[in-house]
Amino acid sequence: MLTATVTLTAPAFAAASGASIFSAKCAQCHLGGKNIINPTKTLSLADLQANGKDTVSAIVAQITNGKAPMPAFKVLLKADEIEAVSTYVLEKAQAGW
């Protein structure tokens with residue numbers, strides 16, 4: 001009998017979780033790193049840097065508290081979910097979406 005064990009590391013889980021959260025909660029406005037409301041504030045690394053949102057903690061603050069027209073997600077997502085999607089956004093921005 002052959003058995004297999006799959007180990008999912010914390011970063012891999014966070015990436016998967018962040019991707020699924022992004023798809024469910026963020027992609028409506030930010031599909032592919034774009035911004036359908038304000039095209040000058042995309043999730044590209046250059047725009048994140050220009051707007052002081054190029055760290056996980058800055059992205060966490062943005063998602064948690066929102067900033068018009070983006071709503072605050074602190075009542076919709078748990079802190080670990082916000083952290084996971086923030087990490088995902090920064091990783092995707094660094095990879096060029």
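This is a predicted model: local features need pLDDT of at least 70, side-chain atom pairs count only at pLDDT 80 or more; totals for chains, interfaces and linings use all residues.
Reader: Is T42 buried or exposed?
Author: Buried means under 20% relative accessible area. T42 has 14% relative accessibility, so the residue counts as buried.

Reader: Which residues does T42 touch, leaving out those up to four places away in sequence?
Author: T42 lies in a loop, between α1 and α2. Leaving out residues up to four places away in sequence, the residues that T42 touches are G33, K34, N35, D47 and L48.

Reader: How many helices and strands does the chain have?
Author: From the N terminus on, the elements run α-α-α-α. The count is four helices and zero strands.

Reader: What share of the 97 residues in the chain is buried?
Author: The cut-off for buried is under 20% relative accessible area. Of the 97 residues, the buried share is 30%.

Reader: How is the aromatic pair of F22 and W97 classed: stacked, tilted or edge-to-face?
Author: The chain has three aromatic pairs. In the pair of F22 and W97, the centres are 5.4 Å apart and the planes are at 40°. Planes under 30 degrees apart count as stacked and over 60 as edge-to-face, so the class left for the rest is tilted. The pair of F22 and W97 is tilted.

Reader: How many residues apart are F22 and W97?
Author: F22 belongs to helix α1, and W97 to the segment after α4. The pair links distant parts of the chain. F22 and W97 are 75 residues apart.

Reader: Why is the pair of Y88 and W97 classed as it is?
Author: The ring centres of Y88 and W97 are 6.2 Å apart. Planes over 60 degrees apart count as edge-to-face. The planes of Y88 and W97 are at 85°, so the pair is edge-to-face.

Reader: Which residues do ring pairs link into a cluster?
Author: W97 pairs with F22. W97 also pairs with Y88. The cluster is made of F22, Y88 and W97.

Reader: What is the separation of the C-alpha atoms of I82 and F22?
Author: I82 lies in helix α4. I82 and F22 are 60 residues apart along the chain. Their C-alpha atoms are separated by 9.6 Å.

Reader: Which residues of helix α3 are buried?
Author: Helix α3 spans residues 56–65. Cover for its buried residues includes α2 (45–50) and α4 (79–94). The buried residues of α3 are A58, I59, V60, Q62, I63 and T64.

How values were computed:
Residues are numbered from 1 along each chain as its sequence is written. Side-chain values use heavy atoms; hydrogens and water are left out. Buried means under 20% relative accessible area, exposed over 50%, partly exposed in between (1.4 Å probe, protein chains only). Helices (H or I, at least four residues) and strands (E, at least two) are DSSP runs, numbered from the N terminus. Contact means heavy atoms within 4.5 Å. Rings of Phe, Tyr and Trp (its six-membered ring) pair if their centres lie within 6.5 Å; planes under 30 degrees apart count as stacked, over 60 as edge-to-face and the rest as tilted.
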